[in-house]
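Student: Could you take me slowly through one part of this protein and show me how a single residue sits among the strands and helices around it?

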Amino acid sequence: MAEFPKHLIEGYRTFTSQRLPTEQTRYRELSERGQSPAVMVIGCCDSRVSPEVIFDAGPGELFVVRNVANLVPVFQPDGGAHGVSAALEYAVQVLKVKHVVVLGHAQCGGIKAFIDDIDPLSPGDFIGRWMQMFIKPGEKVSQREHESRQDFTTRIEKAAVFRSLENLMTFPFVRNSVERGEMSLHGAYFGVAEGSLFVLDPVAKEFRGIGELVGE
């Protein structure tokens with residue numbers, strides 16, 4: 001059996017010597033009382049975009065589900081296994097989260113694979129099939145005239161957030177919670193290179209920088 005990665009062991013030792021002592025009480029409380037996060041984050045599995053790091057969240061503060069391109073499927077009770085739907089169901093129905101945040105980001109590999117229409121990486125074409133949920137049947141996604149490749153990519157990365165928010169509302173338990181005012185849906189976009197964060201303005205349907213939102 002291969003040796004466990006040494007840098008993970010070193011990281012754990014740092015955790016136990018530095019962070020754990022300051023949060024030991026919190027971990028014990030979470031162990032005894034269970035978790036009760038107010039926020040669920042649906043993010044990308046990209047290693048550069050960790051919600052806990054971006055939002056400086058402590059243990060028990062965020063309920064996180066991550067997948068390729070931070071996608072949410074439409075509500076589909078077909079008897080199949082649906083990981084994102086299962087996590088969403090638990091967050092809303094059991095944890096009673098107050099907010100669901102869809103966190104997109106720059107340089108998303110899943111979006112690049114989608115717009116470049118890459119060849120399948122394996123006979124299963126798992127990424128290709130997964131990314132197909134991003135578009136509706138018959139919908140066409142193409143680069144606009146006079147639009148640079150970079151602008152096109154960014155537009156589609158942000159469009160994935162819009163589509164996931166739209167798909168969230170196809171879940172009856174999500175729609176009911178939102179309509180009763182018990183829960184809110186949010187979109188956000190993270191710029192990897194600069195560490196910048198943009199939040200979706202639902203009225204203007206545009207992403208705005210944090211500084212703009214808080215008046216800095």
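Tutor: Histidine 105 is buried, since its relative accessible area is 1%, where buried means under 20%, exposed over 50% and partly exposed in between, found with a 1.4 Å probe and counting protein chains only. This is a predicted model, in which local features need pLDDT of at least 70 and side-chain atom pairs count only at pLDDT 80 or more, while totals for chains, interfaces and linings use all residues. Residues are numbered from 1 along each chain as its sequence is written, and side-chain values use heavy atoms, with hydrogens and water left out.

Histidine 105 belongs to strand S3 (residues 99–105); strands (E, at least two residues) and helices (H or I, at least four) are DSSP runs numbered from the N terminus. Leaving aside neighbours within four places in sequence, histidine 105 is in contact with residues including Cys44, Asn70, Glu157 and Phe190, contact being heavy atoms within 4.5 Å.

Strand S3 is part of an open sheet of six strands with mixed pairing, ordered S2-S1-S3-S4-S5-S6, and two strands pair if DSSP finds at least two bridges between them. At the edges are strand S2 (62–67) and strand S6 (206–209), each of which pairs on one side only. Strand S1 (residues 39–44) runs parallel to S2 and is joined to it by six bridges, and within this pair cysteine 44 stands opposite asparagine 67 of S2. Helix H6 (residues 149–168) packs on the sheet, where it touches S1, S3, strand S4 (184–191), strand S5 (196–201) and S6.

Key. Axes fitted to C-alpha atoms, helices over the stretch in contact; angles between N-to-C directions.
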